[in-house]
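Dear colleague,

Please look through the model first and then read the notes beside it.

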Amino acid sequence: MLGYLANPCQGARFYNAIHTYVLPVTLAISALALHAPALLPFALIWINHIAVDRLLGFGLKYPTGFAWSHLGSPAAGR
């Protein structure tokens, strides 16, 4: 959310980059491949965080503002 201090477009890009499954899954696979079990809990917590965000209705953001996501608009009445 700190990216939104710069502008909504940059904030949406940063938020979406952190809230996709690509990076935590890559971290989990790397942890397993490199025999670094200490990294695996971080990957699983990150994956869980993304899943809970989706469950609560917080989707990937549009550059129009933080309230706009791929799961609905502010007018959709979440």
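The notes below go from the whole chain to its elements and then to single residues.

This is a predicted model, in which local features need a pLDDT of at least 70 and side-chain atom pairs count only at pLDDT 80 or more, whereas totals for chains, interfaces and linings use all residues. Residues are numbered from 1 along each chain as its sequence is written, and side-chain values use heavy atoms, with hydrogens and water left out.

On confidence, the mean pLDDT of the protein is 86, and 88% of its residues reach 70 or more, pLDDT being the predictor's confidence in each residue, from 0 to 100. Where pLDDT is low, the predicted coordinates should not be read in detail.

The protein has 3 helices and 2 strands, arranged along the sequence as α-α-α-β-β; helices (H or I, at least four residues) and strands (E, at least two) are DSSP runs, numbered from the N terminus. Of the 78 residues, 24% are buried, where buried means under 20% relative accessible area, exposed over 50%, and partly exposed in between (1.4 Å probe, protein chains only). The protein exposes about 5,200 Å², of which carbon and sulfur atoms supply 76%; accessible areas come from the Shrake-Rupley method with a 1.4 Å probe, and for residues only the protein chains shown count as cover.

Helix H2 (residues 22-33) has 12 residues and reaches 16 Å from its first C-alpha to its last, close to the 16 Å expected at 1.5 Å a residue, the expected span being 1.5 Å times one less than the number of residues. Pro24, Ala28 and Ala31 are buried in H2, and, seen down the helix axis, the buried residues fall within an arc of 65 degrees, so they line one face of the helix; the arc is that of the directions from the helix axis to the C-beta atoms. These buried residues pack against H3, while the face of H2 turned away from them carries the exposed residues Val22, Ile29 and Ala33. Just after H2, His35 takes a positive phi of about 55 degrees.

Leu23, also in H2, is partly exposed, with a relative accessible area of 40%. Residues up to four places away in sequence aside, Leu23 touches Ala17 and Trp46, contact meaning heavy atoms within 4.5 Å. The C-alpha atoms of Leu23 and Ala43, 20 residues apart along the chain, are separated by 8.5 Å. In helix H3 (residues 40-55) lies Pro41, which is partly exposed at a relative accessible area of 42%, and whose C-alpha is separated by 9.5 Å from that of Ala31, 10 residues away along the chain.

His19 is found in the loop between helix H1 (8-18) and H2 and is buried, with a relative accessible area of 8%. Leaving aside neighbours within four places in sequence, His19 is in contact with His49, Ile50, Asp53, Arg54 and Leu60.

Finally, strand E1 (residues 61-62) and E2 run antiparallel and are joined by 2 bridges, two strands being paired if DSSP finds at least two bridges between them. E1 and E2 form a hairpin with 2 residues between them, and Tyr62 stands opposite Gly65 in E2.
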